[in-house]
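Let's take a friendly walk through a protein model. Have the sequence and the 3D view ready, and we will stop at a few places along the way.

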Amino acid sequence: MAPDETVSGYPTRWEADVVLRDGATLHVRPIRPGDAAALQEFHVGQSERSIYFRFFAPLERLPDRDLAHFTHVDHDDRVALVAVSGDEVERIIAVGRYDRTVPGEAEVAFNVGDEHHGRGIGSVLLEHLVAAARERGIRRFTAEVLPYNSAMIGVFREAGFAVSQVLEDGILTVSFDIDPTERSLAVMADREQRAEARSVHGLLTPRSVLVVAEGGGQHLELARAAATHLAARPDPAGGPRAHDGGPVVHAVGLEVDGVTTWPDLSAVPGPVDLAVLAVPAHHGAAVVRRCAALGARAVVVLSSGFAETGPVGLAHQRDLVRAAHAAGMRVLGPATYGFLRRGTEDEPTVNASLAATMPPPGRLALFCQSAPLAVGLLASARRRGLGLSTFVSSGNRADVSGNDVMQFWGQDEATDVVGLYVESIGNPRKFARVARRLATTKPVVVLTAGRSGHVIPAGHAVRLTRVPRRALDEMLRQSGVIRVESQHQLLDVAQLLVHQPLPTGRRVTVLAGSEPLAALAAEASVSAGLTVGDQRAILPEGGHTDADLERLDAELAAVYADPSCDAVVVVHVPTVGEPDERVARAVARAAAASGRTTVACILGLSGVTDELTAPDGLGRQRTVPAYAAPEDGVLALAAAVRYAAWRAADHGHPLAPDGIDRARARRLVRAVLGPAPAPGSSAPEPAAAGEAADPSVRPPVGVTLTAERAAALLACYGITVWPTVTVHDAIDATRAAELLGWPVVLKTSAPALRHRIDLGGVRLDLGGREALLEAMVQMRQQHGGDAGPYEVQRMAPAGVACVIRSSEDPRFGPVVSFGLAGDAVDLLGDVSHGVAPLTDVDVAEMVRSVRAGSRLFGYRDQPAMDVAALEDVLGRVAVMADDLPELRSLSLHPVVVGEHGAAVLGAEVELAEAGRVDGARRVLPQ
């Protein structure tokens with residue numbers, strides 16, 4: 001249903017689809033005057049108990065005056081959100097509202113339909129009301145609750161805020177500040193993870209599936225392939241299965257052996273858990289609505305013709321997703337290759353994909369956006385014998401994305417390692433948050449289309465980005481994911497992580513059949529960042545007697561018993577004859593018994609093989625992965641070493657610097673930009689790749705702050721900018737110097753010369769009036785009229801000049817950067833990046849990861865600088881950038897770090913209205 005266009009300032013941006021605790025979807029939006037009848041219907045459908053809890057009195061019907069009051073709001077002092085179900089005819093199932101009582105404070109209330117209690121709707125409404133209230137300058141919520149309304153009290157207590165309670169005259173008054181806290185953010189992330197994991201679980205584990213074909217041609221071909229694969233029973237190697245090994249399959253519009261065919265959707269007996277569609281794009285939404293009547297939890301759309309074709313297709317795609325979400329369903333696709341999921345004792349094996357042959361069962365989960373690329377990835381996994389627990393292709397990624405499946409795999413007991421091939425990342429900020437959480441327990445291997453991550457394939461609706469190409473590298477590194485360069489490397493690394501324990505260090509022993517071969521493998525190990533502790537030519541080259549093999553067993557036992565060995569690289573390439581499989585089995589036994597990480601390059605073996613598999617003594621089978629070349633195995637081992645080090649390291653704590661006044665900062669922002677705009681007037685929805693840009697759409701106009709206002713805003717975050725006085729002549733300059741205190745610095749305000757000591761734009765350490773006047777004369781002679789006006793600033797102690805910047809990127813959100821000042825650093829791109837929020841360890845790594853950073857730590861007998869003071873400034877900038885999406889850009893240049901303290905000598909700040917892609921509320925893609 002479209003917004004009521006007669007409502008002035010209707011906040012369209014507050015509309016959102018959300019995932020609930022039970023995995024179903026729901027639409028949340030601001031209330032409208034036209035909702036009066038639906039609100040009355042919701043009210044009269046409530047139990048007497050629920051009505052009494054909400055109004056503290058029995059109230060059979062809402063009086064007309066109250067209906068008008070509840071539905072006519074200004075979306076500022078009075079805000080109301082409704083949770084609705086249904087698409088063409090919406091039904092209100094919950095209401096949440098706040099009313100401003102005094103400046104900065106509002107009273108909040110909820111009412112959730114009786115049949116929807118326990119689904120987490122109250123928590124979702126609270127999150128969305130909190131986000132709206134913060135946008136409108138409200139910092140505190142209060143609520144009056146009956147003491148025995150335990151459900152509502154629980155919503156407030158469990159939100160993660162510091163709640164205070166006062167009982168007076170039989171009414172419990174609850175109050176809490178709504179600024180985000182570490183606990184409230186953690187609570188929201190936990191709820192998001194559980195809800196999204198539950199929804200993906202519902203998608204992947206259907207017990208009944210309906211395949212719908214419409215339109216003939218390719219649609220019929222796609223549907224027939226999916227129905228055939230769904231009906232096929234898995235091979236016994238898959239392990240125990242529920243029922244007969246697969247879901248019950250129905251079909252409409254096609255006939256397939258083993259599948260019950262129905263003449264029309266209305267004839268299909270429900271319930272059906274999953275709908276698989278191959279239909280024309282313009283019929284997609286209508287078919288989804290009819291499937292909703294059968295109780296489907298999810299929809300897989302195999303057919304194309306949606307967003308990848310342009311504006312019309314994008315509209316069809318959005319209609320389809322809207323219809324699915326209104327019915328509580330998730331959508332995989334369109335243009336997806338489908339998914340496959342190996343079953344368990346309690347769940348069926350499901351091949352709802354276009355792959356006729358499933359890889360063997362295993363502990364690896366794979367995600368791939370593109371259908372064509374999925375073909376090669378699955379084929380390569382099968383050739384290697386690399387088993388999968390799950391495979392998911394998102395296609396256009398209109399709804400279910402890599403973020404969703406990572407949420408599921410984080411708690412999936414059948415998955416040990418996750419691999420993702422992503423062509424574009426629609427929400428990098430959430431991707432980093434979810435991947436980081438997952439990587440702390442399971443390895444995450446990521447391949448992106450292009451190094452920059454800026455590729456936008458057809459059909460992927462994403463925002464443009466301005467971040468440097470290295471920003472994605474930094475984000476992935478901080479998240480702990482293992483980034484690889486190709487599909488080949490993705491599976492190389494994955495097969496090691498699935499079948500071998502994580503390395504305990506970077507010291508490797510190289511075993512080969514000859515000294516030259518051992519030397520080559522050792523060189524490859526060093527080049528990959530490993531440390532070679534020993535290299536031995538102990539593997540027999542020719543025919544092997546029993547005595548040779550006994551000697552080999554003893555030598556292998558000695559190698560694996562060496563406490564200075566963390567991992568082993570085996571290279572066995574006989575120059576005469578075929579390899580003896582007994583050598584491989586000896587290596588497998590020794591590796592499994594020791595628990596040392598091992599990779600092998602043995603002629604004739606590739607991937608996961610029986611010859612390199614042996615029991616580890618604990619009832620598990622361990623396989624040494626085999627590689628085509630020693631370099632492949634070494635690169636995979638090096639990736640595992642880096643990941644193991646990241647996982648074992650302290651990742652720090654969220655930044656929480658003292659002396660921050662967020663409320664004052666918000667007031668200063670609104671004083672510059674004016675009252676918060678109606679959310680619907682902010683940045684438009686992203687367009688799909690290939691879609692023509694709307695020439696009428698312009699980015700929000702930015703406002704560059706004066707030096708005084710910039711300093712005031714930074715002061716809210718505990719950052720002090722040294723004052724600068726603008727002068728035009730010698731008299732003004734002298735007065736300014738006497739006011740600030742000698743010695744001083746004289747700078748030109750010319751943009752091309754600012755901060756340029758080498759070009760004569762800055763004169764340092766002027767200790768008196770004569771030196772100041774001489775510097776001004778020289779600057780005027782050198783640059784003429786381009787030099788003025790001038791700036792005078794007190795001279796900072798000697799130190800290292802640095803630059804700290806932040807920018808609000810449309811896709812990545814707040815990106816913070818750090819580098820040392822100077823042309824050489826700028827030209828070489830020696831800058832580190834981080835996507836806020838950051839931890840204290842992230843900040844420390846940003847400072848230490850730049851190549852010129854050694855100047856801060858006592859370079860060439862120079863004294864070490866006060867790095868802690870520098871990290872404090874950088875951390876405060878990161879918190880500020882995370883708090884204020886309106887902070888379009890910030891530059892602190894220079895920040896001079898001395899032996900004691902860090903001086904911020906210059907600041908430039910630009911503000912603009914912004915719509916952050918990953919805000920402080922749970923939402924699904926629109």
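Our first stop is H75, which sits in the loop between α3 and β3 (78-85). Helices (H or I, at least four residues) and strands (E, at least two) are DSSP runs, numbered from the N terminus. H75 has a positive phi of about 60° although it is not a glycine. With a relative accessible area of 2%, H75 is buried; that word means under 20% relative accessible area, while exposed means over 50% and partly exposed lies in between (1.4 Å probe, protein chains only).

Before going on, please note that this is a predicted model, in which local features need pLDDT of at least 70, side-chain atom pairs count only at pLDDT 80 or more, and totals for chains, interfaces and linings use all residues. Residues are numbered from 1 along each chain as its sequence is written, and side-chain values use heavy atoms, with hydrogens and water left out.

Now look at F56, in the loop between α2 (48-55) and α3 (64-71). F56 is not a glycine, yet its phi is positive, at about 60°. Is F56 buried or partly exposed? Its relative accessible area is 27%, so F56 counts as partly exposed.

Two prolines come next. The peptide bond from G333 to P334 is cis, with omega near -5°, and P334 belongs to the loop between β14 (330-332) and β15 (338-341). Another cis peptide bond links A836 to P837, with omega about 10°; you will find P837 in the loop between β35 (832-835) and α24 (840-849).

Let's turn to the interior. In soluble globular proteins, nonpolar side chains tend to be buried together. A nonpolar core is a set of buried Ala, Val, Leu, Ile, Met, Phe, Trp, Tyr and Cys residues joined through side-chain atoms within 4.5 Å. The largest one here has 109 residues, and F339 and F391 touch the most other members. Helix α18 (residues 630-648) gives the most to this core, with nine residues. A second, separate core of 45 residues includes V867, V879, M880 and L911.

Our last stop is R666, in helix α19 (residues 662-673). R666 is buried, because its relative accessible area is 13%. Which side chain does the side chain of R666 meet in a polar contact? The partner is the side chain of E886, at 2.9 Å; a polar contact is a pair of N or O atoms within 3.5 Å, where, within protein, one must be able to donate a hydrogen and the other to accept it, and residues adjacent in sequence count only if both atoms are side-chain atoms.
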